[in-house]
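Please open the model in the viewer and keep the selection panel at hand.

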Amino acid sequence: MTQISSPQFTPLQESERIQSLDVMRGIVLFGILIMNINGFGLAFGYNNPSVLGGDTGLNLYTWMVSNLFFEGTMRALFSLLFGVGMFIFLDRLMKKGAGINAADIYFRRITWLLVFGLIHGYLLLWVGEILYDYALMGFLVYSFRRMVPKKLMLTGLLLLSIGTAWYYFDYQKDLEWYTKVQEAEVAIAAGQEPSKELKEAKDSWEKRLAETSPEMMAGYTEEMQKGYFSVVKHLAPINFDFNTKAPYREDIWDVLSMMLIGIALFKWGLLSGEKPFSIYWIFVGIGYPIGIAINYYEMQLILDAKFSPLSFSESNITYYWGRFFVSMGHIGLIMIFCKSNILIWLKSSLSAVGKMALTNYIMHSLICMVVFTGVGFGLFGKLQRYELLYVVFSIWIFQLILSPIWLRYFDYGPMEWLWRNLSYQKVHPIRKEFPVTLVALQKE
């Protein structure tokens with residue numbers, strides 16, 4: 001009887017990787033840290049510099065530059081790259097004849113990512129954790145894998161539009177709420193008793209403002225400077241709130257939309273650097289002017305209103321479109337960088353960072369846990385917004401040096417290796433196999 005051998009399903013090999021995606025992944029990972037560092041080092045200071053971190057001088061300029069170029073766009077690109085990565089993963093398995101096994105491996109991979117996300121959020125103390133959200137949206141991505149690029153793009157843009165409509169109705173509710181607060185204040189100023197409805201609106205608005213009061217921020221900061229288990233206990237309810245609300249309120253419009261748009265762009269060959277320079281310059285020439293104009297408009301709304309909650313709510317209406325167009329500009333510029341012959345050494349290092357994106361992402365949290373919480377130096381709340389960038393640049397330099405060195409001797413980053421083993425249910429070698437002749441020469 002002839003025995004038919006089953007195909008071998010193995011992780012992506014070095015020769016199969018697309019360097020432009022690795023370089024982009026490295027750049028985006030670093031860009032995400034520019035925003036995440038505010039969550040690592042400041043209580044409720046991610047978007048609002050007037051709460052903590054400073055809103056004047058260098059601190060204000062830091063916030064302005066971040067909001068124009070990085071806020072939302074790095075997360076959008078990371079979502080885009082994740083969608084592309086999962087599509088490549090599935091497509092490669094299917095082309096190797098995996099059949100239904102491809103789905104088994106894919107969903108096992110996604111399930112373990114969800115577990116990593118929960119550990120990352122609850123035990124590694126990062127409330128801005130995104131892997132959990134990517135896993136949930138990754139379950140949905142599977143159903144779109146065979147959709148043609150045009151439909152993928154239209155579906156992604158439709159999701160962005162729905163998210164925009166939701167933000168619009170949120171703003172209308174906030175505007176109605178704030179109008180009642182003003183009516184209550186007018187009545188009180190005139191020596192009149194406001195109605196029960198107006199009084200309740202005023203009380204709830206004041207309660208909302210109290211959440212970011214100096215007293216609350218001082219208490220939050222004090223908790224973050226305590227020991228490990230105290231911080232775990234303090235952050236657990238916040239993590240739970242994120243994990244239960246965000247998937248329904250934000251992730252479908254924020255994350256899934258960009259995953260689908262990413263797959264569309266990849267299928268069109270736009271993310272592998274194979275298109276001419278002129279195409280990518282169009283991305284830059286259209287994406288940046290439109291996106292930056294939208295982001296500037298939002299920023300002025302907030303500045304003119306002195307960082308009021310209502311101004312942030314109003315700025316959300318156009319939020320998805322500012323980040324979308326700036327992200328397209330980023331893609332164009334990154335692809336031009338990848339296709340050019342400049343800074344070859346930097347591209348090589350960024351590519352190494354991108355190949356170890358999961359490891360380096362988790363490393364951000366480990367380093368920041370030591371720097372900011374009571375586990376280590378306890379610097380939470382002690383650095384101004386612009387000073388947090390010193391930590392960012394230090395981590396960048398460290399990972400630009402460490403990642404290429406690690407990959408000189410190993411095929412995968414530690415987390416990538418673990419994820420592959422769990423996905424394929426097989427232990428893969430992690431050390432590089434050097435040629436026998438080289439080994440012999442070293443011994444001599």
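The structure, which is a predicted model, holds 14 salt bridges.

**Salt bridges**

Select Asp-254 and Arg-323. Their side chains meet in a salt bridge, with an N to O distance of 3.2 Å. Asp-254 belongs to helix α9 (residues 228-267) and Arg-323 to helix α12 (residues 319-339), so the pair ties together parts that are 69 residues apart in sequence. Are these two partners buried or exposed? Asp-254 is buried, at a relative accessible area of 5%, and Arg-323 is also buried, at 1%.

Next, select Asp-411 and Lys-432. They form a salt bridge in which the closest N and O atoms are 3.4 Å apart. Asp-411 is in the loop between α15 (385-409) and α16 (414-424), while Lys-432 is in the loop between α16 and α17 (436-443); the pair therefore ties together parts that are 21 residues apart in sequence. Asp-411 is partly exposed, with a relative accessible area of 33%, and Lys-432 is partly exposed as well, at 26%.

**The nonpolar cores**

Which residues touch the most other members of the largest nonpolar core? Select Ile-37, Leu-80, Leu-265, Leu-271, Ile-331 and Phe-372, which hold that position among its 106 residues. Helix α9 gives the most to this core, contributing 14 residues. In soluble globular proteins, nonpolar side chains tend to be buried together.

Centre the view on Leu-271. Neighbours within four places in sequence being set aside, its contacts include Leu-21, Met-24, Leu-80, Val-84, Leu-265, Phe-266, Ile-331 and Met-335. Ser-20 and Gly-262 are also among the contacts of Leu-271.

Another core, of eight residues, lies apart from the largest one; among its members are Leu-60, Trp-63, Leu-68 and Phe-307.

**Helix α14**

Select residues 357-372, which make up helix α14. Its 16 residues should span 22 Å at 1.5 Å a residue, and the end C-alpha atoms are 22 Å apart, which agrees. The helix is mostly covered, since 13 of the 16 residues are buried.

**Two loops**

Move to the loop between α12 and α13 (344-355), where Ile-342 is located. Apart from neighbours within four places in sequence, Ile-342 is in contact with Phe-337 and Lys-347. For a distance across the model, select Ile-342 together with Gln-425: their C-alpha atoms are 41 Å apart in space, and the residues are 83 apart in sequence.

Leu-343 is in the loop between α12 and α13 too. It has a positive phi of about 50 degrees although it is not a glycine. Most residues other than glycine have a negative phi. Leu-343 is partly exposed, with a relative accessible area of 41%.

Finally, select Leu-125, in the loop between α4 (100-122) and α5 (131-141). What is the value of phi at Leu-125? It is near 65 degrees, a positive value in a residue other than glycine. Leu-125 is buried, with a relative accessible area of 7%.

How values were computed. Residues numbered from 1 in each chain as written. Predicted model: local features only at pLDDT ≥ 70, side-chain atom pairs only at ≥ 80, totals over all residues. Heavy atoms only, no water. Salt bridge = Lys/Arg side-chain N within 4 Å of Asp/Glu carboxyl O. Helix = DSSP H or I, 4+ residues; strand = E, 2+ residues; numbered from the N terminus. Buried < 20%, exposed > 50% of the residue type's maximum accessible area, 1.4 Å probe, protein only. Core = buried A, V, L, I, M, F, W, Y, C linked by side-chain atoms within 4.5 Å. Contact = heavy atoms within 4.5 Å. Expected span 1.5 Å × (residues − 1).
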